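Please prepare a briefing on the structure shown below.

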Amino acid sequence: MRSVVVISNERPADGAEARPYEPIKAATVRRITASAIARRKGKQRFPVCTAYDAPFGRFVEEAGIDVILVGDSVGNVVLGYDETTPVTVDEMIHHAKAVSRGTSRAHVIVDMPFGSYHVSDEDALRNAIRMVKEAGACSVKLEGGVHEAERISALTAAGIPVVGHIGVTPQTAGLGPGYKMRTNRERLLADARAVEAAGAFAIVLEVVDPQIAGEITQMLHIPTIGIGAGAACDAQVLVIHDLLGMYPHSPSFAKRYADIGSVAVTALRAFGDDVRNGGFPS
Ligand code: KIV
């Protein structure tokens, strides 16, 4: 059992043993910082998982996964869109707030949705500040390499930690480039270098040729977080709905660790039958 020491600032009663003065500390639990995550590079492979609401944030944290991404994949797996492209800043804040409320220690990365950082540095900064102040984001993630390096610099200069994201970038994949594995080595290396040089503390490599992902992981000083990019990355991220079997259109690289969707349907069917047959309430 954990013992709790209560430290009081009150003077001891006459005759009581004087205890050394210690200032009373606020009971806030500090979250894992961006720099603590960056320091994992080359030491410890780590898992990252998405969450979009308080209970699932809590499950992820209770499972010992201390880096949570509130991805704009919320658009596909929760909001019923076909793409992430329509997701708005307000929708991201709504979901990220819930994840922040449901967790206490995890580092919460919040995705900047399409259009929230494309117009100007000022616009990107205004939206990223909303993520931090309103949603409790510990850091933000944005898609793009060389072309978004200036935005990453603007955010990090303002003290907002940034995660980069290269390879398949779903916000624009449906507008042209598609979801095929990225194999253009020169371009991927240039993008990765630009993201690191701009000040990102980690970078997602999505559906990147595993050999190139390995080369990028060797080349960079910041952790690479792979998704469909092979085993050489410093971390692996999965969308929680893919991992738990709660989404019917999971990509082939995702591993399903449970079939919560079937469990839910079975339970709901039993409830429906009980009500129809008079088995509930009993
Ligand atoms: O939105 C998301 O969930 C992501 C991951 C797939 C990396 O960006």
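## Strand pairing and the barrel

Valine 48 stands opposite valine 237 in E8. This is a predicted model, in which local features need pLDDT of at least 70, side-chain atom pairs count only at pLDDT 80 or more, and totals for chains, interfaces and linings use all residues. Residues are numbered from 1 along each chain as its sequence is written. Helices (H or I, at least four residues) and strands (E, at least two) are DSSP runs, numbered from the N terminus.

- Eight strands close into a barrel with parallel pairing, in the order E1-E2-E3-E4-E5-E6-E7-E8; two strands pair if DSSP finds at least two bridges between them.
- Neighbouring strands of this sheet are turned against each other by 25° on average, direction ignored.
- Strand E1 (residues 46-50) runs parallel to strand E8 (residues 235-238), and four bridges join them.
- Further positions opposite each other in this pairing are phenylalanine 46 with alanine 235 in E8 and proline 47 with glutamine 236 in E8.
- E1 also pairs in the parallel sense with strand E2 (residues 67-70), over two bridges, and there threonine 50 has leucine 69 in E2 as its bridge partner.
- Strand E7 (residues 224-227) pairs with E8 in the parallel sense over two bridges.
- Glutamine 236 in E8 also has glycine 226 opposite to it.

## Ligand surroundings

- Which residues are around the ligand? They are Thr50, Leu69, Gly71, Asp72, Ser73, Asp111, Val204, Glu206, Ile227, Val237 and Val239, where a residue counts as near a molecule or strand if its C-beta atom, placed from the backbone, lies within 6 Å of it.
- By class, this shell holds five nonpolar, three polar and three charged residues. In this scheme Ala, Val, Leu, Ile, Met, Phe, Trp, Tyr, Cys and Pro count as nonpolar, Asp, Glu, Lys and Arg as charged, and the others, Gly among them, as polar.

- Helix H8 (residues 185-197) packs with helix H9 (residues 210-219) at an angle of about 30°, their axes being 10 Å apart. Axes are lines fitted to C-alpha atoms, for helices over the stretch in contact, and angles run from 0 to 180 degrees between N-to-C directions.
- H8 and H9 are therefore roughly parallel to each other; angles under 35 degrees count as roughly parallel, over 145 as roughly antiparallel, 65 to 115 as roughly perpendicular and the rest as oblique.
- The crossing of H8 and H9 is right-handed, a term for a near helix turned clockwise from the far one by less than a right angle, with anticlockwise counted as left-handed.
- In the contact, Arg185, Leu188, Leu189 and Ala192 of H8 meet Ile212, Ile216 and Met219 of H9. Two residues are in contact if their C-beta atoms, placed from the backbone, lie within 7 Å.
- This contact of H8 with H9 comprises six nonpolar residues, no polar ones and one charged.
- H8 also lies across strand E5 (162-167) and strand E6 (202-206), and runs at about 175° to E5.

## Other helix pairs

- The axes of helix H2 (residues 54-62) and helix H4 (residues 89-102) cross at roughly 45° and come within 7 Å; H2 and H4 are therefore oblique to each other.
- The crossing of H2 and H4 is right-handed.
- Ala54, Pro55, Gly57 and Arg58 in H2 meet Ala98, Val99, Arg101 and Gly102 in H4, a contact with four nonpolar, two polar and two charged residues.
- Helix H5 (residues 121-135) and helix H6 (residues 149-157) have axes that come within 9 Å and cross at roughly 50°, and are therefore oblique to each other.
- The crossing of H5 and H6 is right-handed.
- Asp121, Ala124, Leu125 and Ala128 in H5 meet Glu150, Arg151, Ala154 and Leu155 in H6, which by class gives five nonpolar, no polar and three charged residues.

## Backbone geometry

- The peptide bond from phenylalanine 280 to proline 281 is cis, with omega near -5°, and proline 281 is placed in the segment after helix H11 (260-277).
- Valine 207, in the loop between E6 and H9, has phi near 45°, a positive value in a residue other than glycine.
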